[in-house]
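Okay, everyone, thanks for coming. I'd like to walk you through a model I've been looking at, so let me put it up on the screen.

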Amino acid sequence: MPKVTMIPATINPLTHLPSMATQKRRVAGYARVSTDSDEQATSYEAQVDYYTKLIRSKPDWEFVKVYTDAGISGCNTKYREGFKEMIADALAGKIDLIVTKSVSRFARNTVDSLSTIRKLKEHGTECFFQKENIYTFDGKGELLITIMSSLAQEESRSISENITWGQRKSFSDGKVHLPYKRFLGYEKGEDGRPAIVEDEARIVRLIYRLFLEGKTQAGICKYMEDLDIPSPGGKEKWSKSTVTSILQNEKYKGDALLQKTFTVDFLEKKMKPNEGEVPQYYVEGSHPAIIEPDEWEQVQAEFARRKSLGRAYSGKSVLSAKLVCEDCGAFFGSKVWHSNSRYRRTIWQCNGKFTNEEHCHTPAVDTETVQQLFIKAYNLMMQDRGHIIKDCEEWRQKLMDFGTLDVDIERQLEETHVVAELVKAAVKENASTAQSQEAYIKKYEALTQRYEKAAAELERLQALRTSRSQQDKKMALYIRTLKKQPEVMHEWDDTIWTVMIEKAVVHRSGEITFVFQNGTEIRVN
């Protein structure tokens, strides 16, 4: 019978250290707190001090470092720089043991937690969770970690749901919270509501005025930088997106649209724009306004106009994309005549003057002429302001008379529902009863065509209703604007031009017809 002699293992398969070695274990601590609050800062410092003293007090442990993350969520490891540095050092063979408070401090995501622990285990690094008294190299370690990680993940889900509920309750109560550190013009008031910071509010008002005077977002950025005005984030450079955000944020007119975004995944903390998935709340007069509501609406109208023009709007002048050629309908653009002589001047000329087979015969006009003719047209129009306002009000009543339109919409809506049910019934009958497939297909296609026709008509009617509502809103804004303007204009005003004029048609005779926002036309020479 063969003789068998056992040769004892000399290397620990988990730690990869000699079994009888007296070599010290290289130990690191990991500390993390979830928020940036002052209270948590004390806890954070205490954890760092605690782990430093704990590791140094063990004679068989060698202190490596206490890795830290402050103000970071534990739901995933994506942004935890201290955690990632610790794992990298462990995988590089610099750490034998990691000590941390609990599984929830390590990670609240079961997948992250287990995958990280297994990766560390493969490289000979053990973890010790004090609260649960778990060593990951222990035989029961992985089972306990799976259970504890799952519980921690559910705790995180519960916390997230509670926070979400609290936020939505706050929204439904009309409570407004702003990121004050990066929100220009407001600070948190004593009553908890936004309060105006006048020095910053002047910058906001300047941005709105510059936009209505014809400047683009890029032009406003340059203007701010030339004046050495820092951005809301304190930077020297302004971005177009920052200016756009200021110009389109309803909070500057004293209102607040709440829950514009929402959290899709509590683990990844991913946010997405709210496109109707969850309720929104619009609070009117929720806090003091920096910008008059009508001025804010005028800015939104100008945004819409410029967007509809595409690249036609350059922002070089407030006259851009408003002067129109009578002959071809193209916009006038600025041109420089006699650029190298003392007769140099800037004029406006049809951009399509020489592009068509038959050249346009409209004359070039200079800025001063346009301005003087506009002042003349404005003063003529204001002489009849009372009648114009009365006509606008009557037009509004016609626009908002939705009686017949709503009946038609309801009829088409009912038609789509009926046909949809007929289609379902036909499909169900075909699936359960033997019948001619040729006849079934013919019937199905006829019903489909009927449905598509009804759906298209419904969409047209709904679009018409929306369009009329928008026209009414525009007309109401024009009436309010008209009432606020001076009866007589003595000198040119960029803002009045922007908010009052839709376009100005230049005729061959040199006369200009000014078309106001309500459709009123005044022709002057």
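So, in what order do the four strands of the open sheet come? Going across, we have β12, β16, β17 and then β18, with mixed pairing. Before I go further: this is a predicted model, so keep that in mind.

At the edges sit β12, residues 323-325, and β18, residues 521-524, and each of those pairs on one side only. From one strand to the next, the twist averages 25°.

Let's zoom in on one pair. Strand β17 covers residues 512-516, and it runs antiparallel to β18, with four bridges between them. If you want a spot to look at, find valine 515: across from it, in β18, is glutamate 521.

Now, which helix packs on this sheet? That's α10, residues 367-382, and it touches β12, β16 (501-506), β17 and β18. The helix direction makes about 55° with that of β17.

On to the inside. The largest nonpolar core has 65 residues, and the ones touching the most other members are Trp238, Tyr252, Phe374, Met381, Trp497 and Phe514. Helix α6, residues 198-212, gives this core its largest share, nine residues. There's another core lying apart from it, with 16 residues, including Ala28, Tyr30, Tyr67 and Cys127.

Last stop, tryptophan 238. What does it touch, leaving out residues up to four places away in sequence? Among its contacts are Leu184, Ile203, Ile207, Met224 and Val243, plus Pro230 and Pro232. Glu225 and Ser231 are on that list too.

That's my tour, thanks!

How values were computed:
Residues are numbered from 1 along each chain as its sequence is written. This is a predicted model: local features need pLDDT of at least 70, side-chain atom pairs count only at pLDDT 80 or more; totals for chains, interfaces and linings use all residues. Side-chain values use heavy atoms; hydrogens and water are left out. A nonpolar core is a set of buried Ala, Val, Leu, Ile, Met, Phe, Trp, Tyr and Cys residues joined through side-chain atoms within 4.5 Å. Buried means under 20% relative accessible area, exposed over 50%, partly exposed in between (1.4 Å probe, protein chains only). Helices (H or I, at least four residues) and strands (E, at least two) are DSSP runs, numbered from the N terminus. Contact means heavy atoms within 4.5 Å. Two strands pair if DSSP finds at least two bridges between them. Axes are lines fitted to C-alpha atoms, for helices over the stretch in contact, and angles run from 0 to 180 degrees between N-to-C directions.
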